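Here's a quick rundown of the charged side chains in this model. Have the structure open while you read.

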Amino acid sequence: MSGPDWLTAPRRIRRGAALTLVFASVLAAGAATGSWSEDDEEGRNAAPSARSVVSLRDRDRGSADDAVDAAAEAMADGKSGAEAAEAAEEVVSRSGDRWASVYSQGEFKDFEQALDGAYTGVGLWARRAADGRIEVAKVRRDGPAARAGVRRGDRLASVDGREVKGRPVTDVVALLRGDREGTPVALGLERGTRAWSTTVRRERLSADSVTVTRLAGGGVKIKVDAFTKGSGEAVRAAVRQAPRGAGVLLDLRGNAGGLVSEAVTAASALLDGGLVATYDDRGRQRALHARPGGDAARPVVALVDGGTMSAAELLTGALQDRGRAVVVGSRTFGKGSVQMPSELPDGSVAELTVGHYRTPSGRAVDGRGITPDLEVEDGAQERAETVLTGLGPPS
């Protein structure tokens, strides 16, 4: 693969329905079909992979080769593609690499499409209520579900005739998603005492991962849900379009990562060039730099929490180390390792950790996270807005 490669999930992802954790977290707050809201506990445990910037080092190449060899041997013995992938997964599991993953060919394709900021679905978020029922948390305004009359707060009773009450949200996501545009999906819905069914057709939808709102104090809140394709430029545009002198509240809560290149582009919006992060490549130090010309004077507060991961931590660390933002919230997740995908003989893909990145001051993030300048659990946004107001306009 060319270009920036991966920074992946915060736990070992197994094949099958569990992989949906990755897809849905990429899209969780960006009109993801069947994904959970930020308030859903299951959604906090997953992060999307993000393309990184390294090649396999010699000492890591052995593990990747072992996985490839295991899959090739299984296929030579007449095993199926799925069995070959399982053989590779067993090797990956024994490697002790907590971030390693094995994806089927189709899963990896869907994964890449999710990072490209698009998906095939019906345009709704779902979450599990306290009674085990699946509730519609949000509906994309222009999506198939909205046109069919689905509303926030409706209960999803079934998908294609399968009852969903008590199922993990990830399983419901898997039922709602599809590979092709135009394929039908039957939804059983409840609203109050009314129960009805409707059939909608999946569409190719974009996942808008950046939203901009004005704050009461005159500042601008830029919420980045994931670093999918185009999100970095969206942040740059939001900063350029912000009123003169207005502060920026950069909300990275629940941002599970994404494309590293997009995080660097976002950093370029608020830095006038300079170092964003370093990483090791076969024993040599490499560096990521922001583009020159960013707004280096506007007041900035970065809002983070335990769901801030991977590429989002890379951005947070750069702004904090460079003295460009006051970081408010709770300690971030601590995912600072880099993965590289290796294609297996059956077309599936294994990912293994090949390195780690550091902030501009040399701090390691993996397993440690980033400690905010002001640690706040409850009322974090209100405190962040107060801090932003106190920073005043640029001089």
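**Charged pairs and their surroundings**

Asp251 and Arg253 form a salt bridge, with their closest N and O atoms 2.8 Å apart. (A salt bridge here is a side-chain nitrogen of Lys or Arg within 4 Å of a carboxyl oxygen of Asp or Glu.) Salt bridges that share partners tie Lys221, Lys223, Asp225, Asp251 and Arg253 into one network.

A word on the ground rules: this is a predicted model, where local features need pLDDT of at least 70 and side-chain atom pairs count only at pLDDT 80 or more, while totals for chains, interfaces and linings use all residues. Residues are numbered from 1 along each chain as its sequence is written, and side-chain values use heavy atoms, with hydrogens and water left out.

**The network**

- (Buried means under 20% relative accessible area, exposed means over 50%, and partly exposed is in between, using a 1.4 Å probe and protein chains only.)
- Asp225 forms a salt bridge with Lys223, and their closest N and O atoms are 3.6 Å apart.
- Asp225 is buried, with a relative accessible area of 7%, and Lys223 counts as buried too, at 8%.

**More on Lys223**

- Lys223 sits in strand S11, which covers residues 220–224. (Strands are DSSP runs of E, at least two residues, and helices are runs of H or I, at least four, all numbered from the N terminus.)
- A polar atom of the Lys223 side chain lies 2.5 Å from the backbone oxygen of Arg253.

**Other salt bridges**

- How many salt bridges does the structure hold? The count is 15.
- One of them joins Glu135 to Arg127, with the closest N and O atoms 3.2 Å apart.
- Glu135 is partly exposed, with a relative accessible area of 22%, and Arg127 is partly exposed, with 23%.
- As background, side chains of opposite charge can pair when their charged atoms come close.

**Rings**

- Arg194 lies over the face of Trp196, 3.9 Å from the ring centre. (A charge sits over a ring if NZ of Lys or CZ of Arg is within 6 Å of the ring centre and within 35 degrees of the ring normal.)
- How many aromatic pairs turn up in a search of the whole structure? The search finds 0. (Rings of Phe, Tyr and Trp, the last by its six-membered ring, pair if their centres lie within 6.5 Å; planes under 30 degrees apart count as stacked, over 60 as edge-to-face and the rest as tilted.)

Conventions. A polar contact is a pair of N or O atoms within 3.5 Å; within protein, one must be able to donate a hydrogen and the other to accept it, and residues adjacent in sequence count only if both atoms are side-chain atoms.
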